[in-house]
Amino acid sequence: MADLAIFWEWLAFAVRWLHVITAIAWIGSSFYFIALDLGLNRDIPGPADGEEWQVHGGGFYHIQKYLVAPEALPDHLTWFKWESYATWLSGAALLAIVYWAGAELFLIDPTKAELLPWQAIALSAASLAVGWVIYDLLCKSPLGDRPTVLMLLLFGVLVAMAWGYAQVFTGRAALLHLGAFTATIMSANVFFIIIPNQKIVVADLKAGRAPDPKYGKIAKLRSTHNNYLTLPVIFLMLSNHYPLAFASQWNWVIASLVFLMGVTIRHFFNSMHARKGRPWWTWAATAILFLVIMWLSTAPMWQSHEDAEARPMSRVEERFAAAEGFDEAQEIVLGRCSMCHGREVFWDGLSVAPKGVLLDTAPDIARHAREIYLQAGITHAMPPGNLSLITDEERAALVRWYRAGAGAGMGGVTGAMSGSGSGAGAGG
């Protein structure tokens with residue numbers, strides 16, 4: 001059963017990189033078209049809404065935009081949609097691999113809500129679907145004609161969801177789910193609104209009818225929302241690397257302020273691309289927001305030692321704590337890892353445990369059994385540079401302990417699958 005942990009890690013690796021690659025493609029094309037649209041020269045007479053000359057890679061490009069559509073449909077038409085679909089599908093698969101399969105370790109926080117794994121998974125999935133329904137209804141209401149008010153209401157929804165996720169899930173899962181919540185809205189905009197509207201226009205052209213401009217207007221509103229939401233989503237998807245953000249009691253406020261930072265940064269570049277000047281005040285506003293985030297992150301974050309001991313262990317954790325070799329493994333981890341991964345960090349240059357991974361109590365060590373196995377047992381990723389001088393014999397002892405726990409019945413499958421994708425930062 002222990003070897004399943006290695007397979008699961010490589011599966012997470014493959015899906016994660018698929019997600020990264022498709023996201024880069026989607027974000028790149030989205031940012032390019034927003035910049036292109038804002039920078040079009042609209043003073044040139046002709047049927048086009050605007051045009052632009054660009055140079056790149058030794059060649060010159062002449063681009064024209066039609067507000068509704070050209071008089072005749074060209075033979076070759078490139079659709080920009082698969083990047084969005086592939087990004088969402090790979091992200092959903094990664095969510096299932098990491099947080100659903102590892103629900104007991106990375107999704108459920110029993111000090112917030114005592115959920116069974118299937119209940120937490122159902123809540124996770126339902127929240128993503130509900131978010132799109134609420135957002136879509138707001139856009140289709142009369143508020144669709146008042147984009148500023150609509151954006152403020154959308155921000156209110158995001159703040160409410162940030163707070164709600166923080167009440168039921170772990171801090172790491174809360175921020176990740178807020179990112180998935182927002183990314184679902186963005187991808188659904190493409191799938192349910194932007195592409196269908198473009199297909200209506202294409203069908204009208206093929207039938208010889210004049211396309212209705214309203215379809216382009218609706219699609220433009222959703223595309224603008226996607227543009228302003230992109231940067232915060234990137235941060236939230238990477239937030240598991242930053243315990244100062246997700247492990248704070250104010251993590252939901254930090255996440256909300258990140259959305260405002262995304263707006264101020266995009267406003268600068270959108271204004272620049274539209275040749276409306278460079279509003280430098282947006283960078284000052286961004287810096288102030290970042291300083292507030294830094295201040296919030298210094299609030300008490302970590303559970304006390306007593307709280308950690310009182311937190312009930314899951315069935316997986318109990319199995320690893322009772323597995324043969326746990327006492328030896330605990331001694332190794334306390335001697336080689338806890339100086340960095342503890343509630344009090346004793347390593348110069350560190351103020352908090354890397355990635356929020358704590359390894360100074362028995363429940364902590366059992367909770368992170370899989371990461372210890374992969375990071376300090378099977379591989380030499382931890383400790384970094386082997387600064388604590390862990391020996392090969394000690395690494396072998398960690399491997400024996402994990403395999404004893406993972407092989408203790410069919411529950412070992414759950415243990416091996418739990419927590420994939422945590423990355424370096426545990427076990428040393």
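Residues are numbered from 1 along each chain as its sequence is written. Because the model is predicted, local features need pLDDT of at least 70 and side-chain atom pairs count only at pLDDT 80 or more, while totals for chains, interfaces and linings use all residues, and side-chain values use heavy atoms, with hydrogens and water left out.

**Aromatic rings**

Let us start with the rings. Rings of Phe, Tyr and Trp (its six-membered ring) pair if their centres lie within 6.5 Å; planes under 30 degrees apart count as stacked, over 60 as edge-to-face and the rest as tilted. By this rule the count comes to 19 aromatic pairs. Two of them are shown here.

| Pair | Centre to centre | Angle of planes | Kind |
|---|---|---|---|
| Phe268 and Phe269 | 5.3 Å | 90° | edge-to-face |
| Phe320 and Tyr402 | 5.0 Å | 15° | stacked |

What does the pair of Phe320 and Tyr402 tie together? Phe320 lies in helix H12 (residues 315-322) and Tyr402 in helix H16 (residues 392-406), so the pair links parts that are 82 residues apart in sequence. Helices here are DSSP runs (H or I, at least four residues), numbered from the N terminus. Both Phe320 and Tyr402 are buried, where buried means under 20% relative accessible area, exposed over 50% and partly exposed in between (1.4 Å probe, protein chains only). In the other pair, Phe268 is buried at 4% relative accessibility, whereas Phe269 is partly exposed at 27%.

**Inside and outside**

Helix H15 (residues 369-378) has 9 of its 10 residues buried, so it is largely enclosed by the rest of the structure. Among the buried residues are Arg370, Glu371 and Tyr373.

Ile21, in helix H1 (residues 2-39), is exposed at 53% relative accessibility.

**Cysteines**

How many disulfides does the structure hold? There are 0 disulfides, a disulfide being a pair of cysteine sulfur atoms within 2.5 Å. The sulfur of Cys337 is 8.6 Å from the closest cysteine sulfur, in Cys340, which is too far for a bond. Cys337 is buried at 0% relative accessibility, and Cys340 is buried at 13%.

Conventions:
Helices (H or I, at least four residues) and strands (E, at least two) are DSSP runs, numbered from the N terminus.
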